[in-house]
Each structure stands twice: as structure tokens, then as C-alpha cells.
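Let's walk through this fold together, one piece at a time. Have the model open as you read.

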Amino acid sequence: LMAFSISDDHARQEQVWDIVSQSHNREPYVIRRMLTEKTVRASDRRVRFVGLDTYLAAGGPIMRDLFEADDGGWLQDPAILDRLVMEKLHAAAEDIRAEGWKWVETALSFPWGHTRQFVEIDGTEVPLTDEETARLEVLHTEQESIEAEYAQADEYPDEVDARLGEIERAILALEERPLTFDSADMARAGVFVSLDSDGTLQVERGFVLPEDMPSEPEATDNAGNADQYDRPAYDGQDHDST
């Protein structure tokens with residue numbers, strides 16, 4: 001009964017009851033899974049990206065479990081969620097296009113190897129500012145201090161473990177430097193914009209289609225003539241110069 005209370009769709013409740021009443025497996029998790037199979041978990045990357053409050057403000061209904069930890073519940077209208085995700089992705093894409101890129105392509109995710117046919121242009125890492133360098137030193141110092149304090153412990157207390165996680169993420173964010181690109185390269189290159197597995201925006205910059213790459217200049221000799229490979233091949237005979 002507690003498992004069935006997760007849904008107020010009586011017709012679906014009856015369908016699930018008919019199924020489980022004829023099955024040997026009537027575990028509560030089976031009932032909950034069947035009653036939530038057309039919903040989206042609140043922990044889904046799409047929900048993290050747009051925010052649960054945004055979904056609720058758009059009129060999206062949510063299903064909660066009164067008796068079990070539900071990790072935020074289940075979103076009952078995937079269509080609303082997907083619309084909000086794509087709207088936010090497209091808005092981000094327009095901001096990125098304004099940087100000067102030739103094209104920007106968006107998707108929830110791209111297939112493996114989607115950049116294989118492209119040529120990747122080189123960017124230059126943005127150096128750390130003095131403020132960022134100082135912040136990085138403070139984070140490393142705190143990290144080393146915590147690790148030294150608990151060096152003999154079997155495990156970290158929960159609050160200490162959480163703080164170490166925050167420090168590691170902050171260090172990573174500072175050490176993974178953004179890239180700048182030459183404007184001429186950007187004018188023929190593009191960007192892929194999608195969602196990362198943790199619900200953050202994933203931006204892959206600097207990909208050029210082979211046909212958009214500049215053509216290589218033809219090699220010439222010192223006299224400005226075409227190189228030796230453009231001359232007729234020697235046929236082994238002496239020819240009169242007259």
C-alpha cells in the first residue's frame with residue numbers, strides 16, 4: 001500500500017496491481033518502478049541543468065514518495081522538461097555564437113566519435129590571474145592541512161569529506177583553463193554544445209570541416225617557378241636546344 005501511494009493515477013494503480021498479483025515478485029521497489037516508468041527522476045542531468053524550480057514554474061507536475069527517500073521525486077511531464085532544456089541549450093548556443101564562431105550545433109548528447117571528421121584548431125590557454133593564483137594556493141594549503149590532520153584516520157568524517165570534495169572541484173575549475181582562439185580560425189570553425197553527465201553545460205570549441213580548411217599554397221622553387229614535380233620527367237635522351 002505504501003508503494004502504491006506514490007501515484008494518484010487509479011487506473012494505472014489497478015493495472016500494476018493486476019500484474020503484480022499474478023507475479024511471485026511483489027516487492028515495493030517493483031511497484032514503484034512500474035508506477036514511475038514514464039517519469040524522470042529529479043536527479044536526472046536534464047533536471048539539474050534547468051533546475052527543479054524552473055520546471056515547477058512552467059506548470060510541470062511532480063510525484064513524491066510519502067514513505068521513502070525519493071531523491072527529489074519524479075517529474076511527470078518529460079515533454080515540458082525537454083522543452084525547457086532545449087530552450088536553455090539554444091540560449092547558451094546563441095551566446096557562444098556571438099563569440100565569432102561560424103556555426104554552433106546543440107544536442108542533449110552527441111554520439112561517440114562525432115568530431116572524427118573535423119579538424120581541431122589550436123587555442124591558447126588563458127593564464128591565471130594574480131587573484132586566481134592566490135586562490136589556488138589557499139585551496140592547496142587547506143587540502144594539504146586536512147589530509148595531514150587525518151592521515152592516520154581510517155576515513156574522513158562526512159563534513160570533512162564533503163569539504164575535500166568542494167576543494168577538489170574548485171581546484172579543478174581553476175586548473176582547467178579556458179582557451180582563446182584566433183578570430184580568423186573562429187570564422188571557419190564551430191562549436192558543439194550539449195549536456196555533460198552531471199547536468200552542466202558541455203562546450204567543445206574549435207572544430208573545422210575539412211572543406212573549410214584553408215588550401216595549402218603550391219610549393220615553388222627559388223626562381224618563383226613551380227617545383228620540380230611539375231616539370232616533364234627526363235626520358236633518358238639528349239634533346240637539341242635548337
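Arg 41 sits across from Trp 74 of strand E3. (Helices, H or I of at least four residues, and strands, E of at least two, are DSSP runs numbered from the N terminus.) Everything here comes from a predicted model, where local features need pLDDT of at least 70 and side-chain atom pairs count only at pLDDT 80 or more, while totals for chains, interfaces and linings use all residues. Residues are numbered from 1 along each chain as its sequence is written, and side-chain values use heavy atoms, leaving out hydrogens and water.

Strand E1 pairs with E3 (residues 74–75) in the antiparallel sense through two bridges; pairing takes at least two DSSP bridges between the strands. Zoom out and you get an open, antiparallel sheet of three strands, ordered E1-E3-E2. E1 and E2 (62–63) are the edge strands with a single partner each, so one side of each has no neighbour in the sheet.

Now look at Thr 39, in the loop between helix H2 (28–35) and strand E1 (40–41). Is Thr 39 buried or exposed? Its relative accessibility is 18%, so Thr 39 counts as buried (under 20% is buried, over 50% exposed, partly exposed in between, with a 1.4 Å probe and protein chains only). Setting aside neighbours within four places in sequence, Thr 39 touches Met 63, Trp 74, Leu 75 and Gln 76, contact being heavy atoms within 4.5 Å.

Elsewhere, H6 (residues 130–149) passes H7 (residues 158–175) with axes within 10 Å, crossing at roughly 150 degrees. Axes are lines fitted to C-alpha atoms over the stretch in contact, with angles from 0 to 180 degrees between N-to-C directions. That makes the two helices roughly antiparallel (over 145 degrees; under 35 is roughly parallel, 65 to 115 roughly perpendicular, the rest oblique). Among the contact residues are Leu 136 and Leu 139 of H6 and Leu 164 and Ile 167 of H7.
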